[in-house]
Amino acid sequence: MLFSSVPFLFYFLPAVLLVYFLVPKRAKNGVLLLSSLVFYGWGEPRYLPVMLVSILQGYIFGRLIERFRDTRRVKLFLVLSVLLSLGTLAYFKYADFMIANLNALTGLSVPLLRLALPVGISFYTFQTISYTIDVYRGNVKAERNFINFAAYVTLFPQLVAGPIVRYGTVAAELKERTVSFQRFSRGAVRFCIGLGKKVLLANSLASLVKLYDSATGHTVLMAWAAAIAIPLQIYFDFSGYSDMAIGLGDIFGFSFPENFNYPMISKTATEFWRRWHMTLGTWFRDYIYFPMGGSRVKPARHILNLITVWFVTGMWHGAEYNFILWGLYYCVLLILEKFFYGKYLERSKILSHIYFAIITVCGFMLFHTEDLSLLPARLGEL
């Protein structure tokens, strides 16, 4: 169920809002949980058990980690929780990718599983992982109320496309939050802005991109129009969903973190990734990059840390080689900017904006082109 769809806008959301504002405070999380499960299971009810298992294991291991914090078993509980989360994600998202590569390398004919990707699995998996790690680190206390924890994991406003909401961000609001006309109106305005981005801008640009993909030959004008439309379509689609999620969060009394900060006005790749999908970037920073040593290591190890993080970033976006190469593409740019020419870009706004335009067009053309054999020709048309 899409936020911009008729069933969501005219049936699901009004019904949820009516019930949510009628029930007493103690029942609001239960309403959110049930409505989120309906939202999640709308198109794929068979995958509801996957989400329920993720909720259950996160809740149980969170409690066990807190209870046995001063024992040797605490690391075992953390590792088991993370492995269960990553294992489930890998099975649904990367199994066919790995089987296809195994077949290509060995000549085998192992049949593909052809699994549908459960809605929101990347987001609720990362939220569950961050929760158990934060409990292990002592940053948050384990949630004792199962309904509250389940509502946190399943919150439908941010389930489809983020932002990635950490438990510590909404822990207090899960127990006590302010629902007011001011927050409702502010959230409604933000939701409408996001809806406009999605329907009026992203969908219109998507039509142009679809025309470009289906054409057998491209003029220079069409190639450049598509090269500009692709990053804008992805941005307005993604940021539109984030705006709608943040707006819905306000309506229900939650303060979700911002996910985009005008990334297209950036001057470098480094600045771009401080502005683009910020909750994902900070997640990788806090749970992968910093634990590996971050930048407080020798240059060679620092570069290895960056390569690891950006390889995982590419993989997170999808089980295709273009996503992996896209992540490594930005890794190379970040390394070059940090160690070589970044200081020169800072001296000239004109040069830096031209540079950013070129790397963005190339980067998102790579992101968009699943068939890598088409990429040289597409870039050559520009």
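How many nonpolar, polar and charged residues does the lining of the second largest pocket have, by class? The model examined here is predicted, so local features need pLDDT of at least 70 and side-chain atom pairs count only at pLDDT 80 or more, while totals for chains, interfaces and linings use all residues. Residues are numbered from 1 along each chain as its sequence is written, and side-chain values use heavy atoms, with hydrogens and water left out.

Rolling a probe the size of a water molecule over the atoms shows where empty space is left. On a 1 Å grid over the protein atoms alone, a pocket is an open set of points where a 1.4 Å probe fits, with protein on both sides within 12 Å along at least five of seven lines; its lining residues have an atom within 4 Å of a point. Grid points are joined across faces, edges and corners, and a volume is the space filled by probe spheres set on the points.

The opening question concerns the second largest pocket, which holds about 810 Å³ of space. Its lining has 10 nonpolar, nine polar and seven charged residues; here Ala, Val, Leu, Ile, Met, Phe, Trp, Tyr, Cys and Pro count as nonpolar, Asp, Glu, Lys and Arg as charged, and the others, Gly among them, as polar. Of the 26 lining residues, T270, W273, R274, W310 and L334 lie nearest the centre of this pocket. Two or more residues come from each of α10 (269–275), α11 (278–289), α12 and α13, and α11 gives the most, with seven. Helices are DSSP runs (H or I, at least four residues), numbered from the N terminus.

The largest pocket contains about 1,100 Å³ of space. Its lining counts 38 residues, with K93, L117, F123, V160 and H317 nearest the centre. By class, 27 are nonpolar, six polar and five charged. At least two lining residues are supplied by each of α2 (25–41), α4 (73–106), α5 (121–137), α9 (220–252), α12 (299–317) and α13 (321–345); α4 gives the most, with seven.

Turning to the backbone, most residues other than glycine have a negative phi. R114, not a glycine, has a positive phi of about 50 degrees and lies in the loop between α4 and α5. At 0% relative accessibility, H277 counts as buried, a term for residues under 20%.

Key. Buried means under 20% relative accessible area, exposed over 50%, partly exposed in between (1.4 Å probe, protein chains only).
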